[in-house]
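Hi,

Here is the structure I promised to pass on. Have a look at it first, and then read my notes below.

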Amino acid sequence: HPCLSHCPGYCDLCEEETPLKRSRKSLILVILLAFFVAGYAVLQHLPVKETTVSEETGIYLIVNELNKADLSLTALKWATDDTSYTLTKADEVWTSDAYPVNQSEMQTLSDDFLSLRATRRTENISSLSDYGITEDAFSVAACFSDGSEIVYTLGAQTPFQDGYYLATSNSDTIVYTIASSLDSILDVSLSDLVEKESLPEIDHVTHLTVTSPDTCFDANWLAESLTLSPDQHWYDTETQVPLSDSSLESMIASIQGLSWSSLVTPTASQDELASYSLTDDTATILSAWDAEEEVFRLLVGTTLSGARTVRLPDSSMVYTVTAASLSSLLSANTADLRVTTVVPLSYDQLASAAFSLDRGTYTVLGPEKETDSEETVTEETVSSVSADETAQTKVEDTDSDDSDEELWTALTALNITEYLPDVLQGEEVLSVAIRSVDDQSMNLLFTEYSADTYQVILDGTQAGLVEADRIDTLVRRIKSLLASP
């Protein structure tokens, strides 16, 4: 109706809002504001429950805290600056994918780990980092027989330096204080954890070789002596040159006394073996046999920190041994080890020795031959000699015996100062034909060589040098004996 537009409160849809509607909206806003203000005031006056850090002192076995005391460890995993360790346990045996595990060492380590105790427990902490427990901190992952894994993380040292903080991955609001740092409990080296190989134990050795890419020393033990001395047993295998028995036995004792100094790596690659000169083609190889059986073989490589790298055949484990324990073996050569004594025979083992000069021959009989000669004297001969003559003969015989033994001692005291590669021609000075009580023979020929040395030729095949003044003294002694009535 046209008049309706003039009625109070009328508003057409297209017209502006009336003052009455605006006042209603304002009232609603005021009411809502009052409600929020009142609610805020009420909340401000409500009591607030605060969370405070609590600390308890006592003895806390960590596995008890984790409810793992009745369980066993099935794995431990941790890492140091240069090595990562992952060890697992099944059927009471610790193993690693990389190397055999030293069971005793690993069991001790796991026992120490399970015995870890705290002296304080701090609860309701707000941030682990406040205690030095961060992602970069030293940690150990422990797996238990229920299939769970708990990570132990080491924190900072306490302010009073009476321990170290420790957190476990099952809680981020609890920190323990332990007396020793976690990494000190696991302070073991790879060399400690690896079950090292055993060096072969050897008893009797009859053949010894030291072979390098450039040289070879080869010595053989013979039960029967090839020389005058019945006690000579070691010889150069190829030339049969007698070698120093005491030196060879000392070398064998060095092998028997070898032990690992350290483990370099349990799993050397071929490239690593080559870098240590421990491949089959580059190593120096020590070998020992008992009759036909090889009882010892060791590959020796380069020097490392004053020691020598070594490995057993068909093994990738590289060890070190002290350089001193191998020095006599690695330096072995026939020239240095050959016997230098010209005549290795004692007076008691001598049957006879004929010393020949250009003016005659003087023969020395050993004690056994002299006794035989005395026994051939008949009773009639003895009875026909007067008492004075008998006494005089005994004095002369005694003097002769002493002279003979002194002459023999002078000969056996001679040493070869240098062996010669070949026998050289020279003017003959003295020759000696020797026979032992075992019916072994040896012939010596001394010839001029230089002003200071003479050449001695042994059985016509080997030659060496001896001091000239000693031979000159020997010759003068023989001349004197030849001139005696």
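To start with, which residue forms a salt bridge with Lys68? The partner is Asp146, and the closest N and O atoms are 2.8 Å apart. (A salt bridge here is a side-chain nitrogen of Lys or Arg within 4 Å of a carboxyl oxygen of Asp or Glu.) Lys68 sits in the loop between α2 (62-65) and β2 (73-79), and Asp146 in the loop between β6 (139-144) and β7 (149-157), so the pair ties together parts that are 78 residues apart in sequence. Lys68 counts as buried at 9% relative accessibility, while Asp146 is partly exposed at 43%. (Buried means under 20% relative accessible area, exposed over 50%, and partly exposed in between, with a 1.4 Å probe and protein chains only.)

Before I go on, a word on the source: this is a predicted model, where local features need pLDDT of at least 70 and side-chain atom pairs count only at pLDDT 80 or more, while totals for chains, interfaces and linings use all residues. Residues are numbered from 1 along each chain as its sequence is written, and side-chain values use heavy atoms, leaving out hydrogens and water.

As for the whole chain, there are 13 helices and 24 strands. (Those are DSSP runs numbered from the N terminus: helices are H or I with at least four residues, strands E with at least two.) Of the 485 residues, 37% are buried.

Back to the salt bridges, which number 13. Another one joins Asp162 and Arg120, at 3.1 Å from N to O. This pair also links distant parts of the chain, with Asp162 in the loop between β7 and β8 (164-168) and Arg120 in strand β5 (residues 117-123), 42 residues apart. Arg120 is buried, with a relative accessible area of 17%, whereas Asp162 is partly exposed at 40%.

You'll find Thr417 in the loop between α12 (387-412) and β20, and it is exposed, with a relative accessible area of 51%. Thr417 and Val466 are 49 residues apart in sequence, yet 5.8 Å apart in space, C-alpha to C-alpha. Leaving aside residues up to four places away in sequence, Thr417 touches Leu465, Val466 and Glu467. (Touching, or contact, means heavy atoms within 4.5 Å.)

Cheers
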